Amino acid sequence: EACPDLVPFPWERITSMWLKIAAAAVVLASAALVNGYAQEASDATRETIRSLKQGGYVLYMRHTASDTSKPDRAPEVDFKDCATQRPLSDKGRLQAAHIGQAIRALGIPIGEVLVSPYCRVKETAELAFGGSYTVRPSLMSTSNLSEKEKRPLLEDLRALLAMPVPDGTNRLLLSHNAPLMDAVGIFPKPEGVVLVFRPNGKGGAAHVATITPDAWDGLTASSR
């Protein structure tokens with residue numbers, strides 16, 4: 001009696017499927033980056049504010065609302081000439097002052113304030129925190145840089161996020177959207193947002209909360 005024809009086992013299809021799964025696993029692993037950087041964080045609460053008042057955190061703040069009708073003149077941006085850069089809008093100036101007032105009203109201690117050399121970032125710092133800030137070149141926008149140019153800047157940003165902060169104070173980094181996205185896979189939005197990180201003592205940091213510009217009034221009211 002004749003044997004029925006055998007159906008070939010789909011080795012190529014199975015192999016292709018496992019390769020796709022392995023590739024997806026690599027992508028997920030790289031998204032996690034270093035020790036929990038890219039985890040999703042919830043909106044800040046009254047408990048978040050209590051923790052921030054104790055210190056030990058890193059706040060990554062994106063500059064406040066800017067005037068998109070006047071883009072950066074990349075790659076000819078001159079850090080000494082604000083006319084070559086996208087400026088803050090009037091809304092952004094009000095936001096910066098309001099965020100600074102809210103942080104002071106809540107009693108959140110801010111120690112070192114490190115900022116990008118771009119004019120809109122320095123103006124945000126001046127309006128929110130006064131003149132007590134230090135320009136940190138590694139916090140500049142990475143949007144128009146090559147991978148080679150980005151590498152040392154991103155390494156320094158990761159170190160600033162992970163470096164332990166003494167109790168009783170918090171480190172504030174004032175920058176752009178691209179550096180954080182390039183460094184740890186988190187896109188800070190909208191303009192003026194503050195992302196709260198907790199260094200884990202193992203060379204990384206956990207993203208524990210997000211504070212949007214319009215959330216400060218509610219946080220101030222709930223913390224009274």
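Student: At what angle do helix H5 and helix H6 pack?

Tutor: First, a caution: this is a predicted model, where local features need pLDDT of at least 70, side-chain atom pairs count only at pLDDT 80 or more, and totals for chains, interfaces and linings use all residues. Residues are numbered from 1 along each chain as its sequence is written, and side-chain values use heavy atoms, leaving out hydrogens and water. Helices are DSSP runs of H or I with at least four residues, strands are E runs of at least two, and both are numbered from the N terminus. Helix H5 (residues 147-162) and helix H6 (residues 177-184) pack at about 85 degrees, their axes 9 Å apart. Axes are lines fitted to C-alpha atoms, for helices over the stretch in contact, and angles run from 0 to 180 degrees between N-to-C directions. H5 and H6 are therefore roughly perpendicular, a label for 65 to 115 degrees.

Student: Which residues of H5 and H6 meet?

Tutor: Contact means heavy atoms within 4.5 Å. From H5, Lys150, Leu154, Leu157, Arg158 and Leu161 meet Pro179, Leu180, Asp182, Ala183 and Val184 of H6. This contact between H5 and H6 divides into 7 nonpolar, no polar and 3 charged residues. Here Ala, Val, Leu, Ile, Met, Phe, Trp, Tyr, Cys and Pro count as nonpolar, Asp, Glu, Lys and Arg as charged, and the others, Gly among them, as polar.

Student: Which residues of helix H4 are buried?

Tutor: Buried means under 20% relative accessible area, with a 1.4 Å probe and protein chains only. In H4 (residues 119-129), they are Cys119, Arg120, Val121, Thr124, Ala125, Ala128 and Phe129. Their cover includes strand S1 (58-62), helix H3 (90-106), strand S2 (110-115) and strand S4 (170-175). Just after H4, Gly130 has a positive phi of about 80 degrees.

How values were computed. Parallel < 35°, antiparallel > 145°, perpendicular 65-115°, else oblique. Buried < 20%, exposed > 50% of the residue type's maximum accessible area, 1.4 Å probe, protein only.
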